[in-house]
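Here are some friendly notes to read alongside the model. Please keep the structure open and look up each residue as you go.

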Amino acid sequence: MPTNAAAWIKAADTPLEVGLAPCPRPAVDQIVVRNRAVAINPLEWIIQVAGNLTYRWLTYPTVLGSDVAGEVVEVGSEVTRFRVGDRVLGHAVGTDKDSNKAAEGGFQLYTAVLERMAAPIPDTLAFEDAAVLPLAVSTAACGLFQDDQLGLRHPSANAEPTGQTLLVWGGSTSVGSQAIQLAVAAGYEVVTTASPRNFDYVRSLGASQVFDYNDPDVVADVVAAFQGCTLAGAVAFGTTSAASCIRIAGACQGNRFVSIATPPVSFAHLAEPDRGRLAMPKLIARLVSSNVALQVAARRREVRTRYIFGTTLKANEVGTVIYRDFLPSALAEGRYRALPAPTVAGHGLADIQHAMNLQREGVSAAKIVVTLP
Ligand SMILES: NC(=O)c1ccc[n+]([C@@H]2O[C@H](COP(=O)([O-])OP(=O)(O)OC[C@H]3O[C@@H](n4cnc5c(N)ncnc54)[C@H](OP(=O)(O)O)[C@@H]3O)[C@@H](O)[C@H]2O)c1
């Protein structure tokens, strides 16, 4: 049995601490991965600073981390798709309510990953590139393909055009980068938003039109771009995204549905050392009032909305569609790109806290990654 170590979080709102950890054993439907690279998402620092609000079920000490890439070292008794030694990427779901297990968190040397949330990767794809994908792919796929979200046609190797256009607000985010690629692979045209410095980037992913989300006229401009198009729906990434998408969807023909990944209030302020005792109650109050305002705006415009929870695909057919049917061959054949590119922020468990701080300070079309040699 190899020795495991983890970047533990011992209580909500405390920094990570590296220490020994039990080596995970796989359940029947899991694989154990020796992680070679992990990526950082907003989710991890949001849980760290606001876990008592957002992930109240977590029992501490625990291990955060969603994105892993590495080699399979053990497979569960019912796993037939993977063998020891396979190179894989995996979406670790240890912080989910129905898991709540340190062994299934990503920020450690060995992680137990659900077989249906892992995909083989080609030899040409470095682990630090592969690690940028899992949570972002899962979140985009939940929003686009689940029946309770946009319910779009699934991606495939040679999708026929659907004749419909998807709005991806925040195309240069990590999740937006997947939403663009997945929607294009499913036969949708994509209109997106980003800062001008990322216009070429989102076009390279397949977006046909891109608008600057900071332009005061952006909502009117996107509505004009949709004239004569059938809206497939909208996916909203970024704190201002949901309100804008609701206004746009309300002015379009087609599926007036907005799948929302980002709440309308940022959690970043909670990480500031001088945030004050009332920071959390104030944030809760702003969250409630902003969400009520969104619901009022949506109802007035006859737009349906739903929040995305980026792991729900593990319990429906979308997980299998993505991690078994689509991603392995799309990566191997170069039809799907592991973007945004990694910014390697460290080389060991001890660097993960620093990497989380960097991600919280803000990235632009980049994914913060830590390698685990
Ligand atoms: N609900 C879920 O399950 C779930 C799961 C994963 C992520 N999320 C949320 O989804 C969002 C995206 O996550 P991520 O990891 O992809 O983020 P990320 O890569 O860290 O986002 C960075 C990008 O955000 C863009 N951005 C900043 N403000 C924006 C705005 N108001 N509108 C549009 N884009 C904006 C920036 O674009 P430019 O540089 O081009 O300006 C930058 O490229 C986050 O809010 C995250 O918390 C939710």
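Predicted model: local features only at pLDDT ≥ 70, side-chain atom pairs only at ≥ 80, totals over all residues.

1. The backbone of N100 deserves a look, as its phi is positive, about 50 degrees, although N100 is not a glycine. Most residues other than glycine have a negative phi.

2. Next, two peptide bonds. The bond from Y60 to P61 is cis, with omega near 0 degrees. You will find P61 in the loop between helix 1 and strand 4 (62-63). L339 and P340 are also joined by a cis peptide bond, here with omega of about 5 degrees. P340 sits in the loop between helix 9 (317-332) and strand 15 (342-346). For background, most peptide bonds are trans.

3. Now step back to the whole chain. The domain assignment gives domain 1 (4-133 + 338-371) and domain 2 (137-307). Notice that domain 1 is written as two stretches of residues. Taken over C-alpha atoms, the centres of domain 1 and domain 2 are 26 Å apart. Their contact draws 14 residues from domain 1 and 16 residues from domain 2. On the side of domain 1 that touches domain 2, helix 1 gives the most, with five residues. By class, that side of domain 1 has ten nonpolar, two polar and two charged residues.

4. Where does the ligand lie? Domain 1 and domain 2 both give residues to the shell around the ligand, so the ligand lies between them. The shell counts 30 residues, and the closest are S174, S195, G238, G310 and S364. Helix 1 (42-54), helix 3 (134-145), helix 4 (174-185) and strand 10 (189-194) each supply at least two residues of this shell. The largest share, three residues, comes from helix 3. Sorted by class, the shell has 14 nonpolar, 16 polar and no charged residues.

5. The crossing of helix 3 and helix 4 is right-handed. On the helix 3 side, the contact is made by A136, V137, T139, A140, A141, G143 and L144. Helix 4 brings S174, V175, S177, Q178, A179, L182 and A183 to the contact. By class, the contact of helix 3 with helix 4 has nine nonpolar, five polar and no charged residues.

6. The axes of helix 6 (residues 218-225) and helix 7 (residues 241-250) come within 9 Å and cross at roughly 40 degrees. Helix 6 is therefore oblique to helix 7. The crossing of helix 6 and helix 7 is right-handed. V219, V222 and V223 of helix 6 make the contact with S244, R247 and I248 of helix 7. By class, this contact has four nonpolar, one polar and one charged residues.

Conventions
Residues numbered from 1 in each chain as written. Near = placed C-beta within 6 Å. Helix = DSSP H or I, 4+ residues; strand = E, 2+ residues; numbered from the N terminus. Nonpolar A, V, L, I, M, F, W, Y, C, P; charged D, E, K, R; others polar. Domains from an automatic or database assignment. Left-handed = near helix turned anticlockwise from the far one by under 90°. Contact = placed C-beta atoms within 7 Å. Axes fitted to C-alpha atoms, helices over the stretch in contact; angles between N-to-C directions. Parallel < 35°, antiparallel > 145°, perpendicular 65-115°, else oblique.
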